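Please look over the sequence and the coordinates before reading on. The briefing that accompanies them is arranged by topic.

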Amino acid sequence: MTSITPYAIVAQVRYRELPTRLALAAFIGLVAWVTAPSIWPVVWFAVVVAGQGVDWIVFAPLRQSPDAEPSVSRRVLCCMSAALNVLIYGSISAYLWFAGGEPGRVFAMIQAAGGLLHVSMHMHHSRALLMSSVIPHGLYFLGLPVLSAIAFRDPVLMLIAVGGLLYVAHLVAVVRQTLGSTRALRAAGDEAQSERRKAEVASAAKSDFLAVVSHEIRTPMNAVISAANLLRRTRLDRQQREHVDMLIDAGDVLLGLLNDVLDFSKIEAGRMTLEQADMPLRDKLAAMTRLWEARAAANGVRLVLELDADLPEVVRTDPLRFQQIVFNLLSNAVKFTTEGRIVLRAAWTGPDRLDISVTDTGCGIPAARLARVFDGFEQAEAGTTRRFGGTGLGLTISRRLAELMGGDLTAESVEGEGSTFRFRLKTVAVAQAAPVKTGARKTPTAAPPPASLAGRTILAADDHEVNRRILELLLAPHGCRLTLVQNGAEAVEAAALHRYDAILMDMQMPVMDGLEATRRIREQSAGDEVPIIALTANAMDVHRAAWEAAGVYAFLTKPIDPVLLAQTLAMACAEGAQEDPAAVSA
């Protein structure tokens, strides 16, 4: 990254100051005419205007290409223009000195001193330009009283010259200090730019690293969790089923940790995006309560939902992030409460204010650690991670999300008695929920009939042999006809030969990736309406956005959720059949 040259800085300063110089010239010419009336002040102003025009032309190339180093001839030309204009501009001081009497001499010295100060402050970026401008002004400022003292043999005028020398000495000190400050500021600015570029490179590298790690972890996790789910379907004795449940629970914990790290990274990098949609508030809170009731009951704890009578049925917010915050609060409450009860309360505290609180009767948080529970990787006690698991990111992410949503998240706690986490959100109540739109990011909420996939033809593209085998085992009980291919090119070819009810598409594949394959299939006359579902281990927002741009029906991530996969496929096939009644699905 090239920086602007000193000559270009001066060129820009002179361009900005041009109206000021012309206005001052008009004022000085008027004072000179009043002090010593003649035609010369008018002639002087006309010559000043002409000289400024020449100066504007000479410095123009530097303004147009500020990062280009000027040639030697251009530098000489700029110095000559600056010196010429200073000689012209300062000549009015000589006129006033000799023709204006005592008032004229005073004004001449003030004008010359002001000119010296002006060029010193604006020309110090280039030593050559500074000397070209200062020397002519100095000749007027010091030469006029010295020459007059010699010519008229007046020692008082020599004292004026001595005073002028003192002024110049002070001005030199100021200019040197300014030059030093400018260099220091420039060096600090360059260092800051360099550090920012390094930080941007490091951030991009971290994002790339997390994307790769996420993909590489999700791929084997998909095999582990899917195999455990398949094993659960078989005939197992009590001990074997317990082992499988432990395996699935451990996989869910690992997936939760991975999602927490990715969310934290996105928030830190400023890449977290929010959506606005109508959310059935009461239904959402009731669903999350049902989700955690069994886990709380297993700990001997009662989970209670209390809804304010004025609570609206539907609000407009980001449903996914709202659910993530409340889910984290309930998860913490269940994790740290072994007796008593947990209360999830929701109240409408203003025209646009929603207040969600989770109160538990758990171990509580020591006062010394309460202020740090929202810090990244912080937990109330050093042994918390070993006893309960987790990264300590849940509350950090929840608070950051709450702030991004225009709200806040606070905590109150008494050690040994329990804690209350309060999530306040600025939102809007709406009359009713908007109808669900078809397209990407669809999440089915109701299971389709068991036979909804029977006889359907599904094309699945995945380069990993284990993933293809898992898909085959997961979908076989649903009675669908599954065609498996190993890359995007094979998927494009298969979609051209046969009209499938739905297509499952991986992202990273050899020969042709899933995004390109999706675009190619969309370009085919037979594939412009077939529902394509992204099923990938690339789970970051940038990947989701890329799939949405490609026009997928839904975006699913690995490890595969068997129920969600079947529901999404069933909905896709049903909607595809409605859009194309002539499609063959048997």
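Five strands form an open, parallel sheet in the order 10-9-11-12-13, and a search of the whole structure finds zero disulfides.

**The sheet**

- The edges of the sheet are taken by strand 10 (481-485) and strand 13 (554-557), and because each of them has a single partner strand, one side of each is left without a neighbour in the sheet.
- Averaged over the sheet and with direction ignored, neighbouring strands are turned by 20 degrees against each other.

- Helix 13, made up of residues 465-475, lies across strand 9, strand 10, strand 11 (502-505) and strand 12 (532-536), and runs at about 175 degrees to strand 10.
- Helix 14, made up of residues 488-497, lies across strand 9, strand 10 and strand 11, and runs at about 160 degrees to strand 9.

**Cysteines**

- A disulfide is a covalent bond between the sulfur atoms of two cysteines.
- For cysteine 79, the closest cysteine sulfur is that of cysteine 78 at 6.9 Å, which is too far for a bond, given that a disulfide requires the two sulfur atoms to be within 2.5 Å.
- Cysteine 480 is likewise in no disulfide, the nearest cysteine sulfur being that of cysteine 573, 7.9 Å away.
- Cysteine 79 is buried, with a relative accessible area of 14%, and cysteine 480 is also buried, with a relative accessible area of 12%.

**Confidence**

- Among the elements of the protein, strand 9 has the highest mean pLDDT, at 95, whereas helix 11 (residues 384-388) has the lowest, at 43.
- Over residues 380-390 the pLDDT stays under 50, and for this stretch the model has 15 contacts beyond four places in sequence.
- Over residues 433-451 the pLDDT again stays under 50, and here the model has 32 contacts beyond four places in sequence.
- Where pLDDT is low, the predicted coordinates should not be read in detail.

Definitions and conventions
Residues numbered from 1 in each chain as written. Predicted model: local features only at pLDDT ≥ 70, side-chain atom pairs only at ≥ 80, totals over all residues. Heavy atoms only, no water. Pairing = 2+ DSSP bridges. Helix = DSSP H or I, 4+ residues; strand = E, 2+ residues; numbered from the N terminus. Axes fitted to C-alpha atoms, helices over the stretch in contact; angles between N-to-C directions. Contact = heavy atoms within 4.5 Å. Buried < 20%, exposed > 50% of the residue type's maximum accessible area, 1.4 Å probe, protein only. pLDDT = per-residue confidence, 0-100.
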